[in-house]
Every structure is written in structure tokens, then in C-alpha cells.
Amino acid sequence: MLKHILLFAFVLAFVFCFIANVAEANEAEVSLLVVIRSQTNHWHHSLAEQRKANLDQQITKSNLNAQVLLLHREWPIEQAWVVLPIVPDLSRKYADNFDWVMFIEENTQVNMKVLMKDVLPKYNHEDKLFMGRCLFDNFPTIIHHYAFFDGKVKDFKYPDFDSGWFMSRALLKVVAVEYDGNDQNMDFQIDLKHEIAMYMDKNIGVKLTCVTELCGGVKGDVCATYVDPTLPDCGHEVSLDDVQISVKTTKKFHKDRVEVVKKTWGPYVKHIIYYSNVSDPTIPTIDCGVPNTPTGHCGKMEVIIKDFYEKDGMKDLKWLVIADDDSIIGVSRLVKLLNCYNHKYPIVLGERYGYGLNKGYGYGYITGGGSMVMSRGAVSAWFKHECSCPSISTPDDMYLGQCFSFNVGVPVVHSPLFHQARPVDYSDGYLSNQQPISFHKHWEINAYDVYNKWFADDDKEMYGTKQETSTAPPTAQTATPTAPPEAQPQPIPPTPTESQIKDEL
């Protein structure tokens, strides 16, 4: 009897051991290609290399079947930034070797063992799966072309790029065959994560699958990915006194928009000039010599760049920030970020949009409302490569991007901390991943409230009490929210000469 019991126990142990080994083997069968959406800029390249080294170390330590690529190295073309144009080549090279492709940002922290042993085995890579941390809009927003104005806006989910997002092998192969940028209404790339989700939904018939283990900027109990929302600390070589901020304005906005700047972030800035179409000593503004135009403002931007290049009082400054009169900026955070870059290199920095990148002929540009940042090296490159606005009403931000992509040969540098729109236009989950540097527009909001909520404490902590504060008497403090303009058709200019967008400047 005892011999039978011992024999049964031995067999049972063997079975359990076999099952465990099979399970372990199945887990090890998951294969993953990680693509870091890297940039060519020196600092961003360094961040991506550090992220790759960390992931490679985890892969080796846990004996995982995974590989890590840098986007700008594997596909050294500007179109790669918007991802879809490289999918056919990505599929051809890697689809047969990997079950999953994961795209991450340079600041995405990944626990490779948790991801590959606990998360991905839950899903079948032979299904057409598009996966990520789910974001949604609270209401139709301009940056998403007012999609889902029928009231179903919260039902549409799009991935949080900071947390990483996935395409299964099956989906990758389908997109590789189906994708043709020339067939898509994709002239402008505004918010890539939303646009890719729309493409997957409308063209492939695949909606985003929400993965709760992708944690974003709020760390949970079990996180396969996480994002540190704090700004990087790159030193203190650059101070606000090294920065020229030039504000584009016009007479009709001297008493409202400019007033907000003067009572929020403006007084902290030693080198600030308001470029207008008239001189107003009460602000003061200067008449830049360029007539105001309802669109474009390239002529005004050109004067600003020329002044920074030529004027004695600016020649020793390291950075030029070109802001709109309704840009809302956290100047202490701006300076902290600028310390991560070398002003001697040609750098044009801000929130990157794209024109024509999905179709293979376009370029990226820094959208002007969140502010456009130019290094001293970039301003010098503007003149060295003979950039010149085609007309005073050419879209300034687009021409600046075109100049650096085609004339200078250095693409613009993207930072998600600059924002073309208002805080309410962005997903709460997206903003929780970061410490923003700027927002834009006064439509249907109180601009003072936006500054006080997002930037005032940091600016005051860094620079102390300013001369003109945003705690003016209520009658002076009330910024009447303005209504948004009616939607206008978008410009379509490979060489932009005129914009149909009414931006009221």
C-alpha cells in the first residue's frame, strides 16, 4: 500500500513538473520587437540610447525573446515619426520573427519581464489586436477635428503613446498591405495617437484594446510600463536672462490678450518684446513694420528672427522664444527644459505637427500657439541657408519647419510639454503623464485660472514675487472667455504661401 502511495505521489509530482515546464516554455515563446520613437537631436538620441541599454539589459537578464530598435536609426527619414509610412518595411523585415511590435517613447519605463511573462501571454498575436493604455476625450476638441460631435466622444479610445502601444503580428501584416497614405485624408498630422486610432478603426476595422497594466504617469500595483511625469534635471547653465521672448500681437488685442501676459508670466521675463503693427508706449509694444495679416504672420516672425540675429542687445542671448499673445507659458519649466539642449546647435523646439508626412513628401513643423523655440544656432542657420518667407501672410510655423527640413537639413524637435490648445482639449490621462510648459488660446476659458492652476506656483517658487501679479482686483482680473472661431478649411501648401485658417492675430 505504501509503495502504491509513493508511486502515485511520484507520478503526480512528475505531472505537475511537466505542466510547469510547458507553461514556462509557452511563456518564453512570446516574442517582442520594441521600437523607441527616437529623434535625431543629440539630447533625445542620448535618452533613447539609455532607454535601449536598460531594455537590452532586462532582456539578457531574463532571457527574453525580444529586440529593441531606435526609430531614427532604423528608418532615418522624417516620415518615420508618424509610424504608418514605415509599417510595410517593418512588416517585411520583422513580422515573421516577432509576435508583437511595441512602440514606446524615449521616457517610457518598461518592466520587460512583467510585460512578456504576465501581460502579453493573455492575448493572441494571431488576432488583429491594437492595444494600449486607453485615453478618451471629454468632449469634441479642435485638435481632433471635433470628431464624434454626435455625443459619443468618450466611447472612442486612443492609445497613450507615453505608456507604449502594440500591434499584433496579424494586425501588422494587414496594415502593411492596406496602408496607402495617398488614399487617406491625412494632409496634416496633429495628434498622432488619435489619428492612428482613427485609421485602425475606419480602415482596418480594429478598435483599441485597453491594457490596464500600462500605467502612464500614475503608478499602479502592477505596472508593465510607467512614465515619470517630472521634468528632467539637466543643470542650471541656462537662466531666464539668457532667453528672449518675442510676443506677436496686434492693436486689437493690446487690452485683453497682452494684458493677460503682463499679469501672469510676462513680468518674470527680463528680455520680452511685444511685436505689433502699432507702437503703444503703455505696454510697450513696437511697430515691427509689417502690416497685420488675418493669417500666416511669416513677415512678423521674420522680423523677430532678424532682430535676435542682428540687434546688439540680443546677440549674447542663447534662446529665442516666439510666442502668441494668447500663449500661456510656465517660464520656470521652460528654462529647466532648455538646460537639456545645446544652444549652439540648430534646434527648433516645441509641439511638433506634420504636413504631408503620411504621403511621403512632407515635413514636421512646430505649431506656433504653444510657442516656437529657436536656439542661437538655429537663428544663425536661418540666415546661413537663406531662408526667407514667401510672403508676409505665409503660415509662419509651417515655413519655419519647411526651412529646417529642406534648407538646413535638420528636422524640428518635438516636446509634448508644449501645447497648441487649452488644457480642456487634452485627455486627463495624457496630461497626468507630464508637467506642461505651455497652453494656448483663451476660448471659453479664464486664462488667469489656467496660468494659476498649471504654472503660477512653480514660477513664483523659482523667481519670487513679480512686479505685476495675477492677483489683481477682481474687476481687472476677469478675463472674459472668447468664443472659438468657426471651423475653417485647412491649408494645403507643400510650399505654403497662404493660410485659410483665421487665427485672429
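What percentage of the 505 residues in the protein is buried? After that, please look closely at the sheet that holds strand S9.

Reply: The model is a predicted one. Of the 505 residues in the protein, 57% are buried. The chain folds into 16 helices and 22 strands. If we take the contacts between residues at least 6 apart in sequence, 76% of them join residues at least 24 apart. The accessible surface is about 22,200 Å², and carbon and sulfur atoms account for 53% of that area.

Now to the sheet. Three strands make up this open sheet, in the order S9-S18-S19, and their pairing is antiparallel. Strand S9 (188–189) and strand S19 (363–366) are the edge strands, each pairing on one side only. Between S9 and strand S18, which covers residues 352–355, there are 2 bridges, again in the antiparallel sense. To find this pairing in the picture, look for glutamine 189, which stands opposite glycine 354 in S18. A helix also packs on the sheet: helix H12, residues 396–408, touches S9, S18 and S19. The direction of H12 makes about 130° with that of S19.

Two loop residues can be looked at in the same way. Asparagine 339 sits in the loop that runs from helix H10 (331–338) to strand S17 (348–350). Its relative accessibility is 12%, and because buried means under 20%, asparagine 339 counts as buried. Leaving aside neighbours within four places in sequence, asparagine 339 is in contact with Cys234, Gly235, His236, Glu237 and Val238. For valine 238 there is a further detail: its backbone nitrogen lies 2.7 Å from a polar atom of the asparagine 339 side chain.

The other residue is threonine 141, found in the loop between strand S6 (134–135) and strand S7 (158–159). Threonine 141 has a relative accessibility of 1%, so it counts as buried. When residues up to four places away in sequence are not counted, threonine 141 touches Tyr146 and Asp425.

To return to the part you asked about, the points to trace are the strand order S9-S18-S19, the place of glutamine 189 opposite glycine 354, and helix H12 packing on the sheet.

Methods:
Residues are numbered from 1 along each chain as its sequence is written. This is a predicted model: local features need pLDDT of at least 70, side-chain atom pairs count only at pLDDT 80 or more; totals for chains, interfaces and linings use all residues. Side-chain values use heavy atoms; hydrogens and water are left out. Helices (H or I, at least four residues) and strands (E, at least two) are DSSP runs, numbered from the N terminus. Buried means under 20% relative accessible area, exposed over 50%, partly exposed in between (1.4 Å probe, protein chains only). Contact means heavy atoms within 4.5 Å. Accessible areas come from the Shrake-Rupley method with a 1.4 Å probe; for residues, only the protein chains shown count as cover. A polar contact is a pair of N or O atoms within 3.5 Å; within protein, one must be able to donate a hydrogen and the other to accept it, and residues adjacent in sequence count only if both atoms are side-chain atoms. Two strands pair if DSSP finds at least two bridges between them. Axes are lines fitted to C-alpha atoms, for helices over the stretch in contact, and angles run from 0 to 180 degrees between N-to-C directions.
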